[in-house]
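Dear colleague,

I am handing over the structure below, and after it I set out what was found when it was examined. Please read the notes with the coordinates open beside you.

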Amino acid sequence: MNSIGELQYPFDGMPPGGEAIAVAPGVRWLRMPLPFALDHINLWLLDDGDALTAVDAGLGADEVRAHWNTVLERDGRPLSRVVVTHHHPDHLGLASWLAARDGAPVLMTQGEFLAGHAVWSQTPGMCVPDMVAQFRAHGLDDARLDALATRGNAYRRGVPELPGRFHRLFDGDEIRIGDNDWRVIVGYGHAPEHASLYCERLGILISGDMLLPRISTNISVYAATPEGDPLRWFLESLNRIKDLPDDTLVLPSHGRPFRGIRARVGQLEAHHRERCDELLRAMAAPSTAGDLLTTLFPRPLDTHQVMFAMGEAIAHLNYLVGKNELRRSADRNGSVRFERMT
């Protein structure tokens, strides 16, 4: 075990592709590749008697399919179900393919099921043209707007097919998997209805993207909810996770398993307050999110990162409006600006 700050990391090694390592009785850790700056996702296999339960599925890519085939063929047991924490491609991407192997059901919240179908089908408010229009209103430059527009529907490339039916999860549901009960904890802000799983008997939280050890979870405003306050929703969700026992082993979707829930939540609360303070200091005059993008993200960003960065900048600005620290206004052309309250 090693520790960094107030977090403890009980596992020094990481599973190579096509292998799964035990992190607790009946709980195994898989690590699958991603073609982004964030180059991996953690997935989890839970013993379920004569079967297995998968938690999250990985991106829809041939290399990930090959790793799954290796792991499942080596184990020999069928999948009893596929639990999906949320609709983002690295989590939902291969859920339909995995479920079809053994006729297993897909379990997820209704908000995530519908959000996945909305983005995949490019419905109003969840489509690329509406996202580009939102970013244009918030001052993103034409070159980056064009790059986002011509990129097309990247979601479909990561999620080749979607489940047509699902078993709906609610906050507080108990899922019996093998000898253990896992409680569903729904969180907001990163995705519409993100489902984490907590097992009191094992002292484990499968946190998905709601609690990560080294990076901050992306919090973005969707075009469908332009004045939404996902940062507030996210911070309120963290308060519920913070009440779990502090020695809980957290199994995150990115980074290494860790202990120290309260310390990590405290770090994230401080991080977002610092980001807000940076924005307030930078606002000598009414500004757009595009004007302030380099305040929050001074490093070079690729097109994929620009999408997340703009969504996050708007989220922090909307949060400050909700805290009565900023005022939002729009001109007759729809350009949105923010200014400090006097």
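**Findings**

Arg 157 has its place in helix 7, which covers residues 154-158. The model is a predicted one, and the values below should be read with that in mind. With a relative accessibility of 51%, Arg 157 counts as exposed, because the cut-off for that class is over 50%. Once the neighbours within four places in sequence are left aside, Arg 157 is in contact with Gly 60 and Arg 151. Trp 120 stands 37 residues from Arg 157 in sequence, and the C-alpha to C-alpha distance between the two is 9.5 Å.

The next topic is the charged pairs. The structure holds 15 salt bridges, and one of them joins the side chains of Arg 81 and Asp 48, with an N to O distance of 2.6 Å. Elsewhere, Arg 28, Asp 47, Asp 75 and Arg 77 are linked to one another in a network of salt bridges.

Which residues does Arg 273 meet in salt bridges? One partner is Asp 277, where the side chains meet at 3.0 Å, N to O; because Arg 273 and Asp 277 are four residues apart in helix 9, about one helical turn separates them. The other is Glu 325, whose side chain meets that of Arg 273 at 3.4 Å, N to O. Glu 325 lies in the loop between helix 11 and strand 16 (326-330), whereas Arg 273 lies in helix 9, so this pair ties together parts that are 52 residues apart in sequence. As for accessibility, Arg 273 is partly exposed with a relative accessible area of 30%, Asp 277 is partly exposed at 28%, and Glu 325 is partly exposed at 24%.

Helix 9 also takes part in a helix-helix contact. Two packed helices are described by the angle between their axes and the distance between the axes. For helix 9 (residues 261-282) and helix 11 (residues 303-322), the axes come within 10 Å and cross at roughly 85°, which means that helix 9 is roughly perpendicular to helix 11. On the side of helix 9 the contact is made by His 272, Arg 273, Arg 275, Cys 276, Leu 279 and Leu 280, and on the side of helix 11 by Glu 312, His 316, Leu 317, Tyr 319 and Leu 320.

Leu 38 lies in the loop between strand 4 (27-33) and strand 5 (40-48), and with a relative accessible area of 31% Leu 38 is partly exposed.

With kind regards

Methods
Residues numbered from 1 in each chain as written. Predicted model: local features only at pLDDT ≥ 70, side-chain atom pairs only at ≥ 80, totals over all residues. Heavy atoms only, no water. Helix = DSSP H or I, 4+ residues; strand = E, 2+ residues; numbered from the N terminus. Buried < 20%, exposed > 50% of the residue type's maximum accessible area, 1.4 Å probe, protein only. Axes fitted to C-alpha atoms, helices over the stretch in contact; angles between N-to-C directions. Parallel < 35°, antiparallel > 145°, perpendicular 65-115°, else oblique. Contact = heavy atoms within 4.5 Å. Salt bridge = Lys/Arg side-chain N within 4 Å of Asp/Glu carboxyl O.
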